Number of protein chains: 4
Amino acid sequence: MLSFENDYSEGAHPKLLQALSDTNFVQQVGYGEDEYSLRAKEKIRAALGDPEADIFFLVGGTQSNQVVLDGLLHGTEGVIAAETGHVNVHEAGAIEYTGHKVLTLPAHEGRIDAGELKAYLRDFYADPTYPHMVYPGGVYISHPTEYGTLYTRKELEEMHKVCREYDIPLFLDGARLGYGLMSGETDLTLPDIAALCDAFYIGGTKVGALCGEAVVFPRHGAPKRFITHIKQHGAMVAKGRLIGVQFDALFTDGLYFDISRHAVDMAKKLKQGFEQRGYRFFIDSPTNQQFVIVSNRKLARLESSVRYSFWQKYDAESSVVRFATSWATKPENVDRLMALLDET
Amino acid sequence: MLSFENDYSEGAHPKLLQALSDTNFVQQVGYGEDEYSLRAKEKIRAALGDPEADIFFLVGGTQSNQVVLDGLLHGTEGVIAAETGHVNVHEAGAIEYTGHKVLTLPAHEGRIDAGELKAYLRDFYADPTYPHMVYPGGVYISHPTEYGTLYTRKELEEMHKVCREYDIPLFLDGARLGYGLMSGETDLTLPDIAALCDAFYIGGTKVGALCGEAVVFPRHGAPKRFITHIKQHGAMVAKGRLIGVQFDALFTDGLYFDISRHAVDMAKKLKQGFEQRGYRFFIDSPTNQQFVIVSNRKLARLESSVRYSFWQKYDAESSVVRFATSWATKPENVDRLMALLDET
Amino acid sequence: MLSFENDYSEGAHPKLLQALSDTNFVQQVGYGEDEYSLRAKEKIRAALGDPEADIFFLVGGTQSNQVVLDGLLHGTEGVIAAETGHVNVHEAGAIEYTGHKVLTLPAHEGRIDAGELKAYLRDFYADPTYPHMVYPGGVYISHPTEYGTLYTRKELEEMHKVCREYDIPLFLDGARLGYGLMSGETDLTLPDIAALCDAFYIGGTKVGALCGEAVVFPRHGAPKRFITHIKQHGAMVAKGRLIGVQFDALFTDGLYFDISRHAVDMAKKLKQGFEQRGYRFFIDSPTNQQFVIVSNRKLARLESSVRYSFWQKYDAESSVVRFATSWATKPENVDRLMALLDET
Amino acid sequence: MLSFENDYSEGAHPKLLQALSDTNFVQQVGYGEDEYSLRAKEKIRAALGDPEADIFFLVGGTQSNQVVLDGLLHGTEGVIAAETGHVNVHEAGAIEYTGHKVLTLPAHEGRIDAGELKAYLRDFYADPTYPHMVYPGGVYISHPTEYGTLYTRKELEEMHKVCREYDIPLFLDGARLGYGLMSGETDLTLPDIAALCDAFYIGGTKVGALCGEAVVFPRHGAPKRFITHIKQHGAMVAKGRLIGVQFDALFTDGLYFDISRHAVDMAKKLKQGFEQRGYRFFIDSPTNQQFVIVSNRKLARLESSVRYSFWQKYDAESSVVRFATSWATKPENVDRLMALLDET
């Protein structure tokens, strides 16, 4: 069975496994204070161009969203997100579990619009009953979005400006950040993101690691007692080295960026293959997720040999399905997929 | 620097690393539905003698305590625990964060007493104001306890009986379960624990794995929608294979038990070494944690060459310190420790 | 200053004050076990035609919504409500504070549609990723709605049917229930509501009482340990008699219904007055809230003599404003309002 | 049936009922912005000698403890309280429901000791593992305590000093504050309390009101957005006038203090009566709660004619029972109680 179902179908990049093996018997202190974690943080700070960034390693994406947002928001505050945002849809209410409402804005291929954000904030404070309402206390965006799309630097700058105007933090979910940074169609760099966001994370789970996200609060911006906050949320890893070693390897010699570029290249190859065969796309995604419109008849024939993600119904006869590439995607597997498309 | 500071100073047992490497490129579905996780669960069920056990893999101990207890308890309920219980002391309020009070009983070298438990429950319902109080909705014990001590089978049976009488679940924190099961001084087996508890976990993080705890609800006893509950608590691992592969290896050919026995053997060796040198013990622990009374003068001399855990002040001139062995402890390191004791 | 700002601008109906005065020195036990509360509950059960209804007196509307929904919903569940529902907009996140998401449906003049509800539920379970999403665990409706509109019996029956099909409770916010029941344009009776809903409350605060809502769970349907749950949410009143005495009076000789009818009559009078003067209505409300389109110029002139609620902008030159009548509205005050409209 | 069961067995002082009646039809805005509430706050500020005190009216004691503490504490913090403190025992876990642990100190007849408090705080920060523990973020005391006892001014000053040293707020539960202030054996005044505490409340429910507590944050010390916080906790009263009018009356012409003194006088009379009859007291209480040791035989005989609170078993043959007086206690009822003691 060939799988393009998601970007976490394999284990880890071999260099990460090797690093885990190489360091395995060196005794280290726990809870993220090990030397590998410290070293990884230094390398990430260098890549960000922010020597004062506070960095914490958490296990996964939903956990990072939950722990970071509950750390950033006051009790009376909710977070603004796109209707299609992961925090609003696919986290089983992890944000609400911590007591915060997700306040939604319309999604434009997964993105929110800075103008609509500003209008929301302006209207909120214009309503005299606002003290009886949930305060908008932060903004959540994903980059790439759940639809594989990206914000431009200009868009992020505008968002940043609105957040500054209303003095609320801008938080970027970077579960797939590498695939965004290495897209051929972006003008946003990692230092840009560090400069424009108040919090974000560099995803590891979907970009070559067994697990792990590097949560960044630029400019010493970590919420008060964030270590205790992490522990209280059940998110502290005893053997912090597990994630530290992996991020150390990812940020050595540009590995994180190289493997991300590979995934984007594979997505392009896949995209071209579909295009050559006359398929249309639901969204024009410049990253590793491709949303293709496929007839249900064809899908039925592919079912036994290829895994993909069903996204949504397109029309009576066809569906939108997602094919995801990753750091681990082999070109020959894209070829096999194309062959299957031709054969079935 | 030699470390006996804890049982999570090294990475993972090499067989686990090997298994991660061997399976690395086999594509798998996420969220714990991969074939390695399924296989590991079958092996654990066999070891438990409970083919109907519900099993879930979580990342760490505090997370497991939090997620399990919040799943077992009704909103009006708290959990009974020893005053010294991990959930009461060292989890940064992770239980209270989920809305549940920790109701404490006196600790007897880390253990609670079934008679005192019964008296607590009887007195609770004898007080006419009890509807204005937190209901005791479950019992938390650790085995081995935070003091390295163990419950006997008889003690666990009595506890089980009291819990049945009051219809509340008995939950056993088995973060160090292997070291308890392989102690020479226990009559409790893994099937006994499965038979007598309503929930427990088999610790991986402290017993040879990079991370991971196998949470068990015997007899199909998982709380309603536990998968969604895990997700909501930010505790779902996308690459569930990470933990599944490790537990698969741990429960192949008795590895979990063998490496646990090794740690206990090393603890015995260490204990004998201290005894031969005239040291006294704060507690007589039959497992991998040894609590030794050491003069502060000696500790000051050891400081630069050995890491241990400070436990508490003993008297004006000496302290209780913990030396922990693990699956990874080398006999020559115990010898080095003894040499250091003699030299300094 | 004349006020039509809301339906809680005055104190209590004089008969309630008299009853408080008459019973003032009779010693009673606390926490709702007093004889007045017990008697009031019996009278309400008679009015409901449900001798087995569980009834609890809480202080206010947001509190009732919060305490009831947190009692009805499982941890993994949210509540479905209209986008305009009070729980979604004007309770400062009281529902999310208890860990539950508000899942929104389109509002049709404040109402939700049974067909859209059914589609929502069907689509939820049709999405294979639903275990990673918030389960729809209950339905919240308000009657009258925040827009003064009402459900018909047929609509409520359809809603009830959908809820039965998916086995989720239907909860009706009756903060203004009296004004709905006494509308000339309803075919829903109090026994109908008791038969078709799993929980609801009979509003006192807005219908003649100083404070208090009678929360009803028909057919012995109260959530487990609801008394303790109330206490834990800080919602238990020590002198339960305060609310018990008032509801006893409200449900003696049909007072609740009589004063509600009066408010509806006053609303009709007010509506006719506006109509005669050529005003248009934003919504055709058959209850005590009237939403009138008024030019901003006129509003500026009324400002110093009349209080009303600004609802929303209508167009560049006019606004939607709400005029609310109540049990306490005097006909001469409606006349005065009309005179002011003519004069200014 | 004669009741000394508690201090909330009757309704309200007649002057409060009269004030409710007198103001009943004056239209007011809601949510505590009515003129009676504003006036009452001014009168309270005058009584406190703190023109800058932030004051909020809540409904009851548990609610006030919950809402205030959740407003004062950071997410990582718990509150220190006596083991016997109301928040630790009789609030059904209302504090833990909001995510905060109650950290207990030994109770000395209901009081905590400033020296033990200081030692607790010092030891907490001396333990190197403290970031994995619940931070002590505030101190809760009750005055009078649950045992009717009082702090001296010196004790409160010491407590205040420790709190300043560790920069944590001191919160005083004054559900029965009047009875403490009017005790013949106190040197603490209301301005003292305002000067030494960071938050406290002046109890109305147990001191002459139908309901209501005046929560005070001296020196503009209210937590951020406290109005929204109150609303979110379901604790906002729509007709705020209900409590405002009552506190306005209570703080007019010293009524609060006069009726409190009456209760203390009645307690003295009751105490002397018991003493003259040879009864012993469990605690020497200078306020309105008296804890008498009574033989079970005598209690059995009293049962049909007097209500009191069972407190605890004293020995095989006798119990500690509480007799509470209040603003409403009639001297002739104390005489009747004495007669019953003599007769039965």
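Biologist: At roughly what angle do the axes of helix 1 of chain D and helix 11 of chain D cross?
Modeller: They cross at roughly 125° and come within 9 Å. Axes here are lines fitted to C-alpha atoms, for helices over the stretch in contact, with angles from 0 to 180 degrees between N-to-C directions. Helices (H or I, at least four residues) and strands (E, at least two) are DSSP runs, numbered from the N terminus.

Biologist: Before we go on, what kind of model is this?
Modeller: It is a predicted model, in which local features need pLDDT of at least 70 and side-chain atom pairs count only at pLDDT 80 or more, while totals for chains, interfaces and linings use all residues. Residues are numbered from 1 along each chain as its sequence is written, and chains are lettered from A and ligands numbered from 1 in the order in which they are written.

Biologist: Is the crossing of helix 1 and helix 11 of chain D left-handed or right-handed?
Modeller: Helix 1 of chain D passes helix 11 of chain D in a right-handed crossing. A crossing is right-handed if the near helix is turned clockwise from the far one by less than a right angle, and left-handed if anticlockwise.

Biologist: Which residues make the contact there?
Modeller: Helix 1 of chain D brings K15(D), L16(D), A19(D), L20(D) and T23(D), and helix 11 of chain D brings R241(D), V245(D), Q246(D), D248(D), A249(D) and L250(D). Two residues are in contact if their C-beta atoms, placed from the backbone, lie within 7 Å. By class, the residues of this contact are 6 nonpolar, 2 polar and 3 charged. Ala, Val, Leu, Ile, Met, Phe, Trp, Tyr, Cys and Pro count as nonpolar, Asp, Glu, Lys and Arg as charged, and the others, Gly among them, as polar.

Biologist: What about helix 2 and helix 11 of chain A, how do their axes cross?
Modeller: The axes of helix 2 (residues 35–48) of chain A and helix 11 of chain A cross at roughly 40° and come within 8 Å. These two are therefore oblique to each other, and helix 2 of chain A passes helix 11 of chain A in a left-handed crossing.

Biologist: And which residues meet?
Modeller: On helix 2 of chain A they are Y36(A), S37(A), R39(A), A40(A), K43(A) and I44(A), which meet R241(A), G244(A), V245(A), F247(A) and D248(A) in helix 11 of chain A. That contact has 5 nonpolar, 2 polar and 4 charged residues.

Biologist: New topic. What domains does the assignment give for chain A?
Modeller: Domain 1 is 2–7 + 256–343 and domain 2 is 14–254, with bounds from an automatic or database domain assignment. The contact between them takes 18 residues from domain 1 of chain A and 21 residues from domain 2 of chain A.

Biologist: Which element gives the most to the domain 1 side?
Modeller: Helix 12 of chain A, with 8 residues. Helix 12 (255–276) and strand 10 (289–295) of chain A are the elements giving two or more residues to that side. The domain 1 side has 9 nonpolar, 6 polar and 3 charged residues. The centres of the two domains, taken over C-alpha atoms, are 27 Å apart.

Biologist: Now the chains. What rotation superposes chain A on chain B?
Modeller: A rotation of 180°, with 0.0 Å of shift along its axis and an RMSD of 0.0 Å. The two copies are thus related as by a two-fold rotation axis. Copies are superposed by least squares on the C-alpha atoms of residues with pLDDT of at least 70 in both.

Biologist: How many residues does the contact take from chain A and chain B?
Modeller: It takes 45 from chain A and 45 from chain B. Helix 3 of chain A supplies the largest share of the chain A side, 4 residues. That side has 19 nonpolar, 20 polar and 6 charged residues.

Biologist: And how many from chain D and chain C?
Modeller: There the contact takes 43 residues from chain D and 43 residues from chain C. The chain D side has 18 nonpolar, 20 polar and 5 charged residues.

Notes. Angles under 35 degrees count as roughly parallel, over 145 as roughly antiparallel, 65 to 115 as roughly perpendicular and the rest as oblique.
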